[in-house]
Amino acid sequence: MKVEIVRSHGTDVYEVPLEQDSMTVMDILDYIYTHVDHTLAYYKHSTCNQAICGRCLVTLDGKPALACAHRVDPMKERIRIAPARGRVVRDLVIEQD
Ligand code: FES
């Protein structure tokens, strides 16, 4: 799957193998960070990760999605992940109130 990510410096495109039947957006971001690009900034909450805190909110194909909970359709060939609305701190990290 091709994954476009709107970052602070522009849009990067990554190739991510779908190793599971269904990956969350967070699984995809973790894969990119671990295996491809260690400079990618995104919010990861080690003790939440289950749609409670709301801090991992991103925009997936134009709609808001919690990265830790939203499962990506494995049939899609391309997705686009952008920061959620708000002031961007870096890449997918937005200022939290
Ligand atoms: S990490 Fe808390 S809602 Fe996703």
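Tyrosine 42 is classed as buried because 21 C-beta neighbours lie inside 10 Å; a residue is buried if 20 or more other C-beta atoms, placed from the backbone, lie within 10 Å of its own, exposed if 12 or fewer, and partly exposed in between. The model is predicted, with local features requiring pLDDT of at least 70 and side-chain atom pairs counted only at pLDDT 80 or more, whereas totals for chains, interfaces and linings use all residues. Residues are numbered from 1 along each chain as its sequence is written.

Tyrosine 42 is located in the loop between helix 1 (25-36) and strand 3 (57-60), helices (H or I, at least four residues) and strands (E, at least two) being DSSP runs numbered from the N terminus. Excluding residues up to four places away in sequence, tyrosine 42 contacts Leu29, Ala67, Asp91, Leu92 and Val93, a contact being C-beta atoms, placed from the backbone, within 7 Å.

Strand 3 runs antiparallel to strand 4 (residues 63-66), joined by 4 bridges; pairing requires at least two DSSP bridges between strands. Leucine 60 is opposite lysine 63 of strand 4. The hairpin of these strands has 2 residues between them, and aspartate 61 adopts a positive phi near 50 degrees.

Note on methods
Two residues are in contact if their C-beta atoms, placed from the backbone, lie within 7 Å.
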